[in-house]
Amino acid sequence: MSTTTFTLLIGTLILGQIVGFVAWVLSRQRARYRALERQGAEVGALDPKAGTAADQTFDALPTPALTGAPAPAWSGERDFVVQRRVIEDGNASVCSFSLVPADGAPLPLYRPGQYLTFKLDVPNSAGGAAKSVVRCYSLSDRPRATHYRVSIKRVPAPPGKSDVPPGIASNHFHDRIQEGSRLSVRAPSGHFHLNEDGELPIVLIAGGIGITPLLSILNTLAHWADPREVWLFYGVRNRGEHIMKEHLESLCDSHPEFRLQVCYAEPSEEDIPGVDYQHQGWLDIQLLQRTLHFGRYEFYVCGPPPMMEMLVPALEASGVAPEDIHYEAFGPASLTKRRTPAPTAVSAPMAVRFSQSGKTVQWNPAAESLLELAEDQGIRVDSGCRAGSCGSCQTAIESGEVSYQQTPDADVKPGHCLLCITTPATDLTLAL
């Protein structure tokens, strides 16, 4: 082969790669443009008599007419009406609640993976005043300007621990919140969400109800017709806990780049391998290493603390770059955020003053956080996640400084702190 022929061959190969890359980028942009057009049609084609164009199955109640483009996030609470309830699993332990704005105004298009914060008035079963409770629940569908959806698992009392009550908020939703109920809701927020500008293939890893924010991400990618390879590894005990099974299988059938990998840890006799699930056992790093193709991926992980404490460090140990791992754990912070300085050691007694209640106490390290210290003093503080995510316990600092135990997910106003993940660094005065 002559030098000229070889040069032409190399040039042709390089040109082919450039053309292929440009075509891939244009394909992604066209898909997103079509998705935005469909989103606009959902907003513009609404009819107060027929319900929303986005989901004609929402016909249980009349839907307020929505007009115009999606709005920016609101401040404080906003009233929503539950338009639809759907049980999503065989055990009837997970229920989806579709919410429409009571004022009929359009909704902000949140980032897939974010959550809503609910302010609930839970009746006292023993009589007396209702208890005010703040809780965060992940949005479980793609962003729409017409309605939101959350999917909530009923939390029972722990087995063999009759002295521990069941989940207050989740049972309130399951037992009392019906179609037509009104709820006070704060705008979508949270730092766990899809990187919309990412170009890497995506791996979603969910344990149990941890699939809810990943459903939002998955449904968004499907709506965009995103050409990237997308894997979902989903671990539950058996088919009874398998959330939205038919929906996930339909996505697998309709989107050729979506690869569904379901793990049943304790399959029942009725569960069929290769049909209901692909793997038996718990989700672990060995399964990911056996299944995924060689290459770089962007990981999104959400599940219960034991899974997170095992899997996220294992991903890093196997060579995945920290910036390619996005995760969210249930409940109080069980997994310390990476790249976070260690909290400042307490070397001397410090006084914490609550200015509005007139109480001053010495900091007690056994309290673990300023939120617990305040609660020990009988001071009522709004709180939700107790993990630095929802921002419910944000409190003004009148004097002094605090140390954070981990990097907060919620946006903190200047001169404020999140009580649930802070301790005093000096004598401190809080506006409580």
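How do the residues of the lining of the second largest pocket divide into nonpolar, polar and charged? In this predicted model, local features need pLDDT of at least 70 and side-chain atom pairs count only at pLDDT 80 or more, while totals for chains, interfaces and linings use all residues. Residues are numbered from 1 along each chain as its sequence is written, and side-chain values use heavy atoms, with hydrogens and water left out.

The lining comprises seven nonpolar, twelve polar and four charged residues, where Ala, Val, Leu, Ile, Met, Phe, Trp, Tyr, Cys and Pro count as nonpolar, Asp, Glu, Lys and Arg as charged, and the others, Gly among them, as polar. A pocket is here an open set of points on a 1 Å grid over the protein atoms alone, where a 1.4 Å probe fits, with protein on both sides within 12 Å along at least five of seven lines, and its lining residues have an atom within 4 Å of a point. The volume of the second largest pocket is about 570 Å³, taken as the space filled by probe spheres set on the points, which are joined across faces, edges and corners. Of its 23 lining residues, Arg186, Cys390, Gly391, Gln394 and Asp411 lie nearest the centre. Strands β3 (115-122) and β6 (182-189) each supply at least two residues of this lining, and β6 gives the most, with four; strands (E, at least two residues) and helices (H or I, at least four) are DSSP runs numbered from the N terminus.

Helices α3 (residues 211-224) and α4 (residues 245-254) pack at an angle of about 30°, with their axes 12 Å apart, the axes being lines fitted to C-alpha atoms over the stretch in contact and the angles running from 0 to 180 degrees between N-to-C directions. Therefore α3 is roughly parallel to α4, a term for angles under 35 degrees.

Methods: Parallel < 35°, antiparallel > 145°, perpendicular 65-115°, else oblique.
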